[in-house]
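Subject: Handover of a structure

Dear colleague,

Please find the structure below, handed over for your work.

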Amino acid sequence: MTIATSGLHHVTAIAGNPQRNADFYLKTLGLRLVKSTVNFDDPGTYHLYYGDESGRPGSLMTFFPFDGAPSGRQGTGQATTTSFSVPEHSIGWWQKHLDDVGVEASHIRNRDGEDALTFRDPDGLMLSLVAHPQGDPRAPWDNGVVPAEHGIRGLHSVTLSVTQEEATAGMLDGLGLHLVSEEGNRFRFAAGDGGPGTFADVLVTPDAPRGMVAAGTVHHVAWRAPDQQTQANWRQELVGSGVSVTSILDRQYFRSIYFREPGGTLLEIASDDPGFTADEPLLELGRALKLPPWLEPNREQIEATLPKLNLPSENNPEELSA
């Protein structure tokens with residue numbers, strides 16, 4: 001490939017109860033709800049986007065919450081851990097914070113010199129907070145609950161679980177990622193110069209069961225394209241190399257193409273433009289249900305179908321900590 005990604009754009013997972021999901025990512029992790037919309041392919045379901053102040057690519061974790069959805073099974077053919085980047089001095093603060101809210105976390109240090117806390121969200125999705133020794137210059141969302149000096153800076157990495165690494169490594173190489181370290185059965189790939197927000201860890205577990213996507217599992221992992229023209233060129237190259245790729249889909253805040261890597265994980269290439277202020281101002285992100293123009297005529301029916309979400313006022317520590 002002649003085009004290479006600069007890093008992760010977002011990770012999308014399946015959740016159960018939407019209120020429980022919002023409470024956890026807003027109140028416990030301190031992220032901003034940058035967009036409340038619907039699944040464009042299933043408008044009876046929310047699509048909730050959490051990230052930094054403006055929802056910059058690389059800061060985003062998004063969910064399709066289906067109330068009453070059965071639990072999925074984590075296994076091969078999936079992204080099995082989503083990791084966020086936090087400052088190096090913040091692991092102790094986060095360990096106490098998670099303990100205070102009843103979230104059990106395990107503390108580990110890996111060979112790359114990273115400290116990490118691993119834990120699960122209310123649906124069982126495996127998450128990690130990683131303090132990278134290189135640091136992370138990205139600014140956090142300051143919501144008044146998680147102090148800014150400890151706040152999440154954005155995505156750090158994803159872990160792809162596979163039965164064998166060669167074919168998946170070949171696909172990552174085609175996206176512009178390169179092998180930077182090995183630790184047992186874990187292979188770390190990085191985009192560009194590396195650092196938080198650029199990593200994919202390939203975990204080889206040949207005897208693990210195949211994953212099943214439902215509540216508590218990742219649906220897909222999206223990588224960045226700087227603009228829509230680059231994305232279109234990239235799609236052409238992928239098709240030309242024999243990859244089965246969707247058409248370019250309008251997601252309102254970016255354009256998307258989807259394909260599977262050989263190990264089974266659904267990947268996306270998402271454009272950085274136009275961004276989340278395309279249909280509401282920065283200060284009002286996430287406050288109202290936004291629909292794309294083709295669904296706007298059905299707003300009344302869609303709003304009647306969706307469960308009510310009670311969202312705290314931004315930067316109100318009393319509401320966020322309630």
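A network of salt bridges links Glu114, Arg186, Arg188 and Asp201. Please note that the model is a predicted one.

Salt bridges

In total, the structure holds 15 salt bridges. One of them joins Lys35 to Asp279, with 2.6 Å between the closest N and O atoms. This pair links distant parts of the chain, 244 residues apart: Lys35 belongs to strand E2 (residues 32-39), while Asp279 sits in the loop between strand E16 (266-271) and helix H5 (299-305). Lys35 counts as buried because its relative accessibility is 0%, and the cut-off for that class is under 20%.

Two further pairs may be of interest. Asp250 and Arg255 form a salt bridge whose closest N and O atoms are 2.9 Å apart; Asp250 is partly exposed, at a relative accessible area of 30%. Arg299 is bridged to Glu296, the closest N and O atoms lying 2.5 Å apart, and Glu296 counts as partly exposed at 34% relative accessibility.

Sheet and helices

Eight strands make up an open sheet with mixed pairing, in the order E2-E3-E4-E1-E13-E16-E15-E14. E2 and strand E14 (249-250) are at the edges and have a single partner strand each, so one side of each is left without a neighbour in the sheet. Within the sheet, strand E1 (residues 8-15) pairs with strand E13 (residues 217-225) in the antiparallel sense, over six bridges. Thr12 has His220 in E13 as its bridge partner.

Helix H4 (residues 228-240) packs on the sheet, where it touches E13, strand E15 (255-260) and E16; the directions of H4 and E15 make about 25 degrees. Helix H1 (residues 18-28) lies across E1, E2, strand E3 (42-51) and strand E4 (60-65), and runs at about 10 degrees to E3.

Nonpolar cores

The largest nonpolar core has 67 residues, of which Tyr25, Leu29, Tyr50, Phe84, Leu175 and Phe259 touch the most other members. Leaving aside residues up to four places away in sequence, Tyr25 touches Gly30, Leu31, Tyr50, Met61, Phe63, Asp121, Leu125 and Leu127. Another core, of nine residues, lies apart from the largest one and includes Leu60, Ala222, Phe254 and Phe276.

Annotation

The unreviewed UniProt entry carries the annotation "domain: VOC" for residues 7-132 and 154-272. In the model, the span 154-272 is 18% helix and 43% strand, and its end C-alpha atoms lie 15 Å apart.

With kind regards

Key: Residues are numbered from 1 along each chain as its sequence is written. This is a predicted model: local features need pLDDT of at least 70, side-chain atom pairs count only at pLDDT 80 or more; totals for chains, interfaces and linings use all residues. Side-chain values use heavy atoms; hydrogens and water are left out. A salt bridge is a side-chain nitrogen of Lys or Arg within 4 Å of a carboxyl oxygen of Asp or Glu. Helices (H or I, at least four residues) and strands (E, at least two) are DSSP runs, numbered from the N terminus. Buried means under 20% relative accessible area, exposed over 50%, partly exposed in between (1.4 Å probe, protein chains only). A nonpolar core is a set of buried Ala, Val, Leu, Ile, Met, Phe, Trp, Tyr and Cys residues joined through side-chain atoms within 4.5 Å. Contact means heavy atoms within 4.5 Å. UniProt positions are given in the numbering used here, feature names are shortened, and annotations may be inferred rather than shown by experiment. Two strands pair if DSSP finds at least two bridges between them. Axes are lines fitted to C-alpha atoms, for helices over the stretch in contact, and angles run from 0 to 180 degrees between N-to-C directions.
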